[in-house]
Structure formats: C-alpha cells, structure tokens
Amino acid sequence: MTEVIGGVAFRFRECQQVHKKRNTFGQLSMADIVKEKSVSGGSVESVVPGDEGEEKFKSTHHILFYKRQRAKHGLRYCACLDTLVLTERGASLEVFEAKSKERLLLQIWAVQNGTVRVAIDELQPIKPRYKVVDVLVGEPRCEQLRIEWRRAGCVSLTWGPGQHQVRVSASPFCLEVVCEEEVIVTLNPKGRLCFETLQDPPRPYSSLHEDEEDPLGLWQENFQQFQDIKANGPSSVGIDLSLHGFTNVYGLPEHADSLRLKDTSGSEPYRLYNLDVFGYKINRRLGLYGSVPLLVAHKPDRTLGVFWLNASETLVDLQYSNHEEGENGPTVKWSRLSPETNVSWVSESGQIDCFLLLGPSPAQVFSQYAQLTGYQALPPLFSLGYHQCRWSYEDEEDVKSVDAGFDLHAIPYDVIWLDIDHTERKRYFTWDSKLFPNPVDMQLHLQRKKRKLVVINDPHIKADPRWPLFFAARDGHHFVNDRDGNVYYGTCWPGNSCYLDFSSSRTRLWYASQFSFEKYKGSTESLFVWNDMNEPSVFNGPEQTMPKDAVHCGGWEHRDLHNLYGFFQHMATVEGLITRSGGLERPFVLSRSFFAGSQRMGAIWTGDNVATWEYLKISIPMLLSLSITGIHFSGADVGGFWQDPDPELLVRWYQAGALQPFFRGHSAKQTKRREPWLFGDTVTSAVRSAIQQRYYLLPYWYTLFHLAHTSALPPTRPLWVEFPKETETFIMDNQYMIGSALLACPVTDPGVTEVKVFLPGSDELWYNVSSGEQHRGGGTLTLPVTLETVPLFQRGGTVVSRRTGCGSCTAELQLHPFTLTVALDSEGNAEGMLYLDDGHSFNYRDKKQFSLRSFTLWSGRLTSSCAAEEGNFISDGKLESVVILGQKKVNKQPTVNSAAGKTTVMFQFEPEQAMLKLTDLNLGIHTDWEIII
C-alpha cells in the first residue's frame with residue numbers, strides 16, 4: 001500500500017522483502033531498509049520518483065564544475081610583482097588572468113610551526129565568498145616575511161634564519177617553496193589555476209525554467225529528478241601542485257581504498273563529499289561519510305603535508321611521474337630526472353586556502369597539522385574498552401540479558417549501545433515508553449557494574465507539531481531553510497523531517513542544552529552519545545543528502561559548507577555533554593561524519609560495512625589513512641554491519657578490532673544475533689582471548705592517546721612513519737605499528753595456516769608477543785597461525801605496560817597490578833613510558849592531576865623516573881612483575897632500590913628463550929625505583 005506523509009510518498013512492505021533486495025556484497029540501497037526504522041505498525045520505505053534502477057551517486061561526468069575546470073586550458077594568470085606588500089603577518093600581491101583581466105588577491109604567510117599558507121580570493125568580490133570557520137583552533141601565529149632578492153619577473157621571500165624561501169614568478173604565475181636550496185613544492189606549475197568569480201544572475205534565478213538548458217551548470221544543473229539552482233552562479237576554484245621528488249602520497253580520507261593513493265590518470269579522481277553510502281564498494285574513490293582534505297607525501301629524507309581548507313565538494317587528481325627537466329625548469333636546479341607527484345585540487349565554491357606542512361619528519365608534519373586543527377581529544381578510559389552494539393537491542397530486558405551474558409562468559413566489555421528504536425516514534429531525546437519504561441533504572445543497573453550506555457542522536461528532527469522539541473526548534477529558527485527561505489523538509493528514519501542548522505553557533509548552543517538532565521528525561525551521567533546520519537543523510541535528497549541550494553544561517557548555501565555539517569553536530573553534542581557535567585567530565589561522542597578538526601571532539605567509525613573478508617582487509621588501510629590525517633580515534637564495525645559473518649571471519653575481525661583504536665561490535669537487525677557466545681565454545685574462547693588481550697594492553701593504549709593528545713603522534717601508524725627510510729614499507733597497508741613498540745599484522749584471509757610478516761629494520765630485533773621468540777629485522781618472516789594466533793611483535797628497545805588481569809570492565813581493570821614487558825635491542829637497552837590519570841575527568845588538564853613515568857633499561861639497570869614534574873597524580877597501582885625479553889644471561893641475584901630500601905628480587909630465568917621474569921615486586925607504579933640485574 002502507499003501512504004502520503006507530509007507530502008512524501010511512502011510504500012508499506014513486509015520486513016522480510018528486504019533480504020530479497022540484496023545483491024553482491026550486500027549492495028542494498030538504504031531506501032530498501034528505511035522501513036526497518038520506521039513507525040510501528042508497518043514498514044515504511046521512502047519512494048523517490050524515478051530513482052529506482054538508477055545510480056544514486058554521481059560519477060565525474062555528472063560533476064559539472066569539475067568538467068568546467070578540466071576544460072579551461074587557455075587560462076593564463078600572471079602575478080603583479082609591483083603590487084607586493086609586506087606586513088607584520090605576511091605578504092600580499094595581485095594576480096590577474098591575461099585575457100579576462102579578472103584580478104585576484106594572493107596572500108602568503110609563514111606560519112611559525114614550519115608551515116607556509118597560501119590563499120587566493122577575489123580582489124573585489126561582489127559579495128564575500130565562504131571562508132571555513134571553526135576548523136582552525138585559532139589564527140595561526142606567523143613570522144614576518146622579508147625580501148631575499150628580486151630578479152626580472154621573480155621575487156624571493158624568506159623568514160627566520162632563511163632556510164626556507166617562497167619564490168613567486170610573474171608570467172606565468174607560479175609559486176615555489178624552497179627548503180635548503182631544494183624546490184619542494186610548486187603551485188600552478190601546469191597553469192591549472194582557475195577561479196570562477198561570483199556574478200550577479202542575469203535575471204532572478206527563480207525565473208529559470210526547469211527545461212531551460214544550461215549544459216555547463218553555470219546557474220542551474222539537474223541530476224536525476226533533482227534541480228540545483230545556484231544563487232551565485234559558477235564559483236569553483238582549483239589549482240595544481242607539483243610535489244618534487246615524491247612518488248608516495250597518502251591521506252584524503254574517507255575512501256575504501258589502499259593506503260597509498262592511486263594515480264587517477266584516465267580514471268575517477270578522489271572525491272571529498274560526505275555521503276551516506278550503505279555497503280560501500282571497495283577500491284573506489286567515491287566520497288564516503290567524512291572528509292579530511294589533507295594529503296601526506298613521503299620519501300626517505302622528507303615528509304610533506306598539503307592541507308586544502310575548503311568544505312565544499314572537492315575532487316583531487318594525482319599523477320605520479322618521472323620527467324626530464326627542460327631549459328625552462330624551476331629557478332633552483334635539481335636532478336634532470338626528478339620523480340614527482342602532480343596534484344590537482346578542484347572545489348565547487350569558497351576560496352583557495354592551502355597550507356604546506358614542510359616537516360621534514362613524519363612526526364613534525366603531524367604536529368604542524370595538529371597546531372592548525374587541534375590535537376586528538378583525550379578519551380575517557382572506558383571508551384578504549386570494548387563496545388557492544390546492535391541495530392537494535394529491543395528493550396530493557398534485552399539490554400540486561402546481553403549485559404549478563406558477558407559476565408556469564410567472562411568476557412569484559414564497557415559499553416552497550418541503543419539504536420533509534422529506543423526512542424518514542426523516532427523522536428530523539430525520548431524513550432519508547434513500552435520498550436524502555438524505566439531508562440534510569442536500566443542505566444543504574446549498568447552503573448552498578450561500572451558500565452555505560454550510548455544512545456543514538458541524529459541531526460534530523462521529526463516534523464511532528466505535537467512534539468515540543470520540534471516546534472521549539474522551528475520557532476527558534478534552528479532549522480536549515482530551502483532556497484525559497486522556507487524550512488527545509490526531507491525524509492529520514494522518522495519520515496518527514498527537518499534538519500538542524502549546526503553551522504549556527506546559536507543553534508549549537510540550543511542543541512547542546514537539550515542534553516541537560518533537566519531536559520533529557522531519563523538520562524544519567526553514564527549515558528553517552530552516537531551521532532549517525534550526519535553527512536547529512538536525506539533519503540529523498542540528491543545523492544541521498546541535502547540539496548546544495550539549501551540555505552544556512554548567514555545566507556550561506558549548503559554547497560559552501562556541506563562537508564562541515566557532521567563536524568558541527570559532533571561539536572555541539574560534545575559541548576552538550578561537557579556542559580551537562582559542569583565542565584568536569586570528558587565526553588564520549590561517536591560521529592559517522594567528520595572533517596579536519598573532528599579529532600578534537602572524539603571518535604569516528606568507517607560506517608556501514610559488510611561481513612566479508614574483503615571489508616575486514618580494507619578496514620586496515622582505511623583506518624591508517626585516518627590516523628595520518630589526525631583522526632586517531634577510529635574503528636570499523638567488528639564483524640561487518642551488514643550480512644552474517646561465518647565464525648572464522650568473526651574471530652579474525654575481533655582479533656583485528658582489538659588492535660585498532662575504537663573497538664565496537666555492531667550489526668544490523670536484519671542479521672542474526674551476534675553476541676560472542678552464540679557461535680560455540682571455540683569461537684567464544686577465541687573472542688574472549690582477543691578482548692582480554694585488549695584490556696591487558698589498555699595502559700599502553702591510554703599512554704598512546706596521551707601522546708596523540710599532546711604531540712599528535714598517531715596511536716596506530718603505517719610502518720613508514722617509524723621506518724621512514726625503508727622503501728619496502730611505503731606501500732604496505734596490511735600491517736602497521738601500534739605506537740613505536742608493537743607491530744600488528746592481523747590475519748585477514750580465510751583458511752590460512754601461515755602468514756608472511758615483514759619485520760623492518762636490519763638493525764632491529766623483534767619479539768613474538770605470544771612466545772617471546774626473537775627475530776632479526778630487515779626481512780619477511782613466515783609465521784604459522786591457528787585460529788587463536790594474533791601476529792603481534794614487540795620491537796627491541798621498547799618497554800610496554802600492561803595490567804596483569806582485566807576483570808569485567810575498565811573500572812575493574814584498574815584494580816589489577818601492572819606488569820612491564822622489556823624488549824632489549826641489540827645493545828641490551830630499552831625505554832618506554834606510562835601515562836596515568838583518573839581516566840574520566842578534566843583534572844589532568846585543569847589541576848595537573850596526571851603522572852607520566854619513564855622506564856629505562858641501560859647497562860643492566862631498569863629505572864622508573866618522573867617524565868613530567870608538573871604532574872601531581874598519585875596512583876595506588878602497583879608494579880607486580882617485569883618480563884625482560886632478549887636477556888641472555890643472569891650473573892647475580894637481581895635487587896631493587898626504592899623508598900623502602902634495597903631488597904632482593906624473586907626471578908625466573910629461561911636461558912633457551914632468553915627471558916627473565918621478575919616477580920612479587922609490589923612497587924608503586926608512580927614512584928621512583930631502580931632494579932639492578
């Protein structure tokens with residue numbers, strides 16, 4: 001049957017028909033499963049006229065601004081060097097197009113952290129162009145530029161000690177960045193600069209007829225049945241860059257593709273446009289749920305970053321090449337055969353605002369980027385534990401039953417999640433009175449076990465005039481408008497919905513206030529939040545998202561800030577939880593959509609994946625791409641959201657997920673129940689072991705997040721980050737480092753009995769974590785595996801902290817003592833760190849209540865010392881034992897010097913394994929001591 005709700009057609013069907021709509025790898029339209037989250041009493045599916053059987057998402061030939069940019073080969077921009085003006089903050093000069101005489105303003109800044117910022121805008125626009133706000137943590141501090149030299153048609157600027165220069169050539173315009181007399185980057189080397197200036201419409205755009213042809217998409221364009229009216233006409237911007245000497249480029253998430261970006265010559269560019277892509281295809285460059293316009297290039301002696309600060313739809317082309325320089329080469333000489341990567345950026349609107357992060361090391365690039373967009377938020381400890389989620393746990397009894405199941409099977413976990421069905425008729429901030437009649441009691445039940453609850457909260461608001469929240473948002477002008485100035489209506493899970501305008505700081509403040517205990521009835525301090533569908537997803541919208549001609553506060557079109565929408569909701573939700581606690585407690589908010597700077601808010605995940613081996617395998621490069629672009633707290637749905645994993649796949653996914661930053665099992669309601677104990681004892685045992693190992697290792701993970709929070713070092717990182725000169729690692733994305741100490745190589749293929757693990761560093765030693773067996777680096781190891789095997793190696797020269805037990809959750813974990821695993825390098829030395837605080841509040845920041853310990857083994861002496869004198873946190877944790885790997889002999893009884901005096905140490909030495917175990921230490925983990933071996 002068909003019913004009309006709010007002017008939108010819906011068709012009722014039986015739930016079972018969803019399963020008949022699946023195709024290869026579960027490629028099911030989200031519209032096919034809308035009914036599963038719709039009003040009770042029937043299944044509701046959004047029907048979009050003319051959509052059935054057509055491709056939902058655009059390919060390059062549909063994107064007209066990109067086609068216009070690619071077609072404009074005859075443009076020639078020149079720089080007016082006589083307009084150069086130097087100020088305390090930077091430099092500016094005019095650039096003009098030779099034929100049209102359109103004039104642009106070029107601005108150059110030398111940011112103090114080793115970054116060059118280049119911006120291009122209209123010199124005299126008829127109206128301001130959109131400039132991205134709230135992504136940068138503040139206006140970057142800049143150094144004063146000075147003229148190094150002038151020559152005919154070229155000027156060189158420098159700053160500070162003079163090791164870097166920016167050289168601007170007049171005709172044709174190009175800009176070179178020089179580091180120690182080597183050209184690193186050239187802007188506009190191939191003359192791809194194209195800047196469509198804003199125009200007044202030739203007539204009121206409302207008078208344009210749908211059947212009028214505008215093949216270039218200047219003032220309107222059509223995609224399927226959708227019409228996009230452009231209030232400002234064509235407004236795209238683009239430029240090309242050459243990255244000299246680089247042939248390995250990474251970043252630009254989110255795409256289900258390899259870690260090393262592919263050459264796009266003759267194929268689709270990388271698209272940055274946040275979209276709800278259910279069961280996304282693998283090895284594609286279609287934009288997914290979030291976007292970070294940061295590209296990271298690496299070669300053995302340098303790492304470079306290019307950050308393109310634009311929130312509109314963006315496409316990036318890459319071409320790897322070796323070319324021979326001609327007579328008119330760059331102003332600084334280099335090898336005649338110089339490899340390079342040519343990158344072309346094209347955005348639909350806004351300005352050109354490009355940051356060149358000069359490194360030169362990977363760590364310096366990460367730091368330079370974090371100083372611009374912010375550091376990873378320090379998560380509460382519980383959020384690094386295991387999360388159990390499903391669409392959807394049915395009622396309070398179901399929640400309690402699952403919670404009890406984890407205890408019954410001795411599997412630790414910290415958080416259980418509720419999807420949209422916990423609400424009253426898909427209205428957020430409410431509870432279904434029949435299924436969840438006592439939400440506070442349910443949360444108190446979890447609290448007594450030191451566990452948490454996460455509930456979903458999406459950006460769409462059900463258009464229900466009987467709902468006070470809806471009319472408060474409507475009357476408060478908190479919704480996005482359509483192009484005619486009326487409230488915009490679209491369809492999502494509740495049916496007809498309106499979308500909050502999170503780009504408005506006033507709306508964000510209002511939304512944040514809804515999380516107060518007074519307004520959010522049934523919530524407690526143990527309730528945290530999940531932002532889903534915030535690309536935003538609009539079931540009856542173009543490409544299942546909001547029309548680009550929708551209007552936000554300030555009159556900005558949605559096209560200008562589309563990729564920021566989820567970022568802004570994430571920001572508002574985080575602020576709501578912080579305000580709820582009086583500013584005392586760290587929030588936890590998971591968001592599906594994200595942008596540069598989202599790391600300041602919390603966690604993200606890779607969206608609606610599928611339960612196949614291919615999706616398990618691709619999750620590793622997807623998460624590594626996020627890690628090197630600042631989004632450190634990320635994960636993939638363990639087991640695959642859609643379809644049913646076989647037992648082997650489920651085990652392998654738990655083993656992989658336990659070695660990734662965000663660890664959550666999640667599945668759709670159309671799939672079979674997937675709690676870890678439902679697959680027999682063998683699977684239950686293997687999953688229990690993987691989760692327990694995660695909990696044992698949480699002191700190390702928490703320390704890594706402290707380092708991410710303070711120095712921008714990714715907790716998980718590609719091998720080349722730690723081994724930047726080893727070219728073999730540059731294309732590897734099936735294994736990775738966890739911090740600097742652990743190398744992980746999850747098993748991602750079915751039925752294998754052995755895996756090959758590359759152990760980098762010819763001068764490195766590596767130790768199998770499960771056996772302690774030593775291996776020398778610089779080659780590939782063939783490792784036998786069973787279902788229980790998790791390939792994990794500790795690097796020689798490191799110290800890793802663990803807990804000796806895990807209990808049922810992170811709160812119980814902290815009752816167990818610590819153990820240190822010391823892996824000796826070839827010189828017999830090792831070092832490591834441990835970070836401690838209360839695990840939940842901002843006291844580490846506001847009151848310096850933290851402890852940072854340094855552990856060093858040198859010349860047979862293992863010492864614990866304070867690594868941050870300002871920290872005043874006193875832990876009651878004890879160090880129970882130390883395991884030293886690579887210890888070839890013990891000549892005397894080990895002793896310990898501590899505040900209690902000098903005592904002998906109980907030990908066990910295994911010479912065949914070169915392993916020394918020190919036990920019954922009972923040393924304060926936050927105190928100074930020395931063990932003499």
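## Strands around β55

Strand β48 (residues 861–866) pairs with strand β55 (residues 929–932) in the antiparallel sense, over four bridges. Here two strands count as paired if DSSP finds at least two bridges between them, and helices (H or I, at least four residues) and strands (E, at least two) are DSSP runs numbered from the N terminus. In this pairing, leucine 862 stands opposite isoleucine 931. Strand β50 (residues 895–898) also runs antiparallel to β55, joined by three bridges, and there threonine 895 faces isoleucine 932.

A quick word on the model: it is predicted, so local features need pLDDT of at least 70 and side-chain atom pairs count only at pLDDT 80 or more, while totals for chains, interfaces and linings use all residues. Residues are numbered from 1 along each chain as its sequence is written, and side-chain values use heavy atoms, leaving out hydrogens and water.

## Helix α11

Helix α11 (residues 681–696) has 16 residues and reaches 22 Å from its first C-alpha to its last. That is close to the expected 22 Å, taken as 1.5 Å times one less than the number of residues.

Its buried residues (under 20% relative accessible area with a 1.4 Å probe, protein chains only; exposed is over 50%, partly exposed in between) include Val683, Ala686, Ala690 and Arg694. The buried residues pack against several elements, among them α10 (647–657) and α12 (698–711), with contact meaning heavy atoms within 4.5 Å. Arginine 694 also puts its charged end over the ring of tryptophan 701, 4.8 Å from the centre; the cut-offs are NZ of Lys or CZ of Arg within 6 Å of the ring centre and within 35 degrees of the ring normal.

## Aromatic rings

The structure holds 44 aromatic pairs: rings of Phe, Tyr and Trp (its six-membered ring) with centres within 6.5 Å, stacked under 30 degrees between planes, edge-to-face over 60 and tilted for the rest. One is phenylalanine 429 with tyrosine 511, edge-to-face at 5.9 Å centre to centre and 75° between the planes. Phenylalanine 429 lies in the loop between β26 (415–418) and α4 (439–448) and tyrosine 511 in helix α6 (residues 505–513), so the pair ties together parts 82 residues apart in sequence.

One aromatic cluster includes Phe382, Trp417 and Trp530. The charged end of lysine 452 sits over the ring of phenylalanine 382, 5.5 Å from its centre.
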